[in-house]
Amino acid sequence: MGRPKDTGRTAGAGRGAEGGRTVGIKDVARAAGLSITTVSHALNGKGQVSTRTRERVRQVAEELGYRPNPAAQVLLSGRTGVIGLAAGHQSSEPWERTYRPYYAAFTAGAMVEAVDRDYALVVVPVGPGTDLWTRIPMDGLIVVDPVAGDPVIDEALRRGLAVVTDGRPIDPAHAELPYVQSDIVTGIGLVMDHLHDAGARRIGLLSGSELDSFTLDSEQTYAEWCTTRHLPAAVERTAPGEPARDAARRLLATRPDAVHALNRTYGEAVLAAAQELGLSIPGDLMVTVMDEAEPGTRPTLTTLSLDPRRVGSACAAALIGRLTGAEPEPVTVPSRLVPGESTQRG
């Protein structure tokens, strides 16, 4: 959190340990026998104050029960001590099933990291029809799955906010922003190798219409894997607003013996379409999905976990680092394959 600028005026106040009396910086200065400016510098880490004086001031402040006033600190420093998380991924499929497990873990990781660094985290709604996030005071913003010409990033930068993205920005105008990304290249390779080792030779990919780095990198890595092994590639994208099951039906019409789906809803759509066609899982069709596995799906799906808790923590750390003057380097978080019943043949 930024330090208050010295103005020679009271920088904050707190409740005294006795009788509930408010203790101000003037009280600390009087008790320490120092000027208000010197005490302000000592408490806020500013100015040329000796270590001995600084320790003395802090000891007196503690004995008196002095606590800085957050509102005053905001006014003096221009910092709120709040960072935002904008989860604006849009989809026609139910958000609760598709993205909740990822965002829940991501938010938990970001929140713990923020609190550990004396920041608060607020999740803000973004997307068409809402500008609520622009009215919430904050110092910086984490943007999940940035797209080309991302209006949230553009507005955040216009407002002077620090920005970090979950996922590599694909817009050249945002190329200099710090970001955290999951290791999609390795992750897709793990999935494809797993299916290939289980006997699959016609592996399809059920993708989406969102042109973010996760989708684009997944499709590119999949295509390169198929080319390297001289195997046919079959990518089916859901159209905007289209039920995922329709896209799954089209993909299964190509008769793959395995399908990787880029999120939980797509995976469930593949299972439903396979049932319509009388295909058994995993006997006739193996299925994998990018997901944070939760109990309840049968057969249990082989999943590619992107470790969203760690990604969220890394995003918050990078954003707060930028607020404190650092220049964070891009971070890549390893992904891992979690085998399930949907690929266990024989």
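Mentor: Gladly! Let's begin with a definition: the expected span of a helix is 1.5 Å times one less than its number of residues. Helices (H or I, at least four residues) and strands (E, at least two) are DSSP runs, numbered from the N terminus. This is a predicted model, where local features need pLDDT of at least 70, side-chain atom pairs count only at pLDDT 80 or more, and totals for chains, interfaces and linings use all residues. Residues are numbered from 1 along each chain as its sequence is written, and side-chain values use heavy atoms, with hydrogens and water left out.

Trainee: How do you know that the span of helix H8 agrees with what it should be?

Mentor: H8 covers residues 184-197, which is 14 residues, so at 1.5 Å a residue it should span 20 Å. Its end C-alpha atoms are 20 Å apart, which agrees. After H8 comes Gly199, with a positive phi near 110 degrees.

Trainee: What makes Ser182 count as buried?

Mentor: Buried means under 20% relative accessible area, exposed over 50%, and partly exposed in between (1.4 Å probe, protein chains only). Ser182 has 9% relative accessibility, so it counts as buried. This residue belongs to strand S7.

Trainee: Which residues is Ser182 in contact with, leaving aside its neighbours within four places in sequence?

Mentor: Contact means heavy atoms within 4.5 Å. On that basis Ser182 touches Leu306, Val311, Thr332 and Val333. A polar atom of the Ser182 side chain also lies 3.5 Å from the backbone oxygen of Leu306.

Trainee: Why are S4 and strand S13 said to stand at the edges?

Mentor: Two strands pair if DSSP finds at least two bridges between them. Six strands form an open sheet with parallel pairing, in the order S4-S3-S5-S6-S7-S13. S4 (120-124) and S13 (331-333) each have a single partner strand, so one side of each is left without a neighbour in the sheet. From one strand to the next, the twist averages 20 degrees.

Trainee: How do you know that S6 and S7 pair?

Mentor: Strand S6 (residues 162-166) and strand S7 (residues 179-182) run parallel and are joined by two bridges, and the definition asks for at least two. Asp166 stands opposite Val180 in S7.

Trainee: Which strands stand at the edges of the sheet with mixed pairing?

Mentor: That open sheet has six strands in the order S9-S8-S10-S11-S12-S14. Strand S9 (234-237) and S14 are at its edges, each with a single partner strand, so one side of each lacks a neighbour in the sheet.

Trainee: What makes S12 a partner of both S11 and S14?

Mentor: Strand S11 (residues 286-290) runs parallel to S12, with three bridges, and Thr288 has Thr302 as its bridge partner in S12. S12 also pairs with strand S14 (residues 336-338) in the antiparallel sense, over three bridges; there, Leu304 is partnered by Leu337.

Trainee: Which way do the residues of S12 point?

Mentor: In a regular strand the side chains alternate between the two faces of the sheet. In S12 (residues 302-305), Thr302 and Leu304 point one way, Thr303 and Ser305 the other, and all are buried.

Trainee: What is the mean pLDDT of the protein chain?

Mentor: The pLDDT is the predictor's confidence in each residue, from 0 to 100. The chain's mean is 85, and 83% of its residues reach 70 or more. Over residues 1-19, though, the pLDDT is below 50. Where pLDDT is low, the predicted coordinates should not be read in detail.

Methods: Axes fitted to C-alpha atoms, helices over the stretch in contact; angles between N-to-C directions. Polar contact = N/O pair within 3.5 Å; in protein donor to acceptor, adjacent residues only side chain to side chain.
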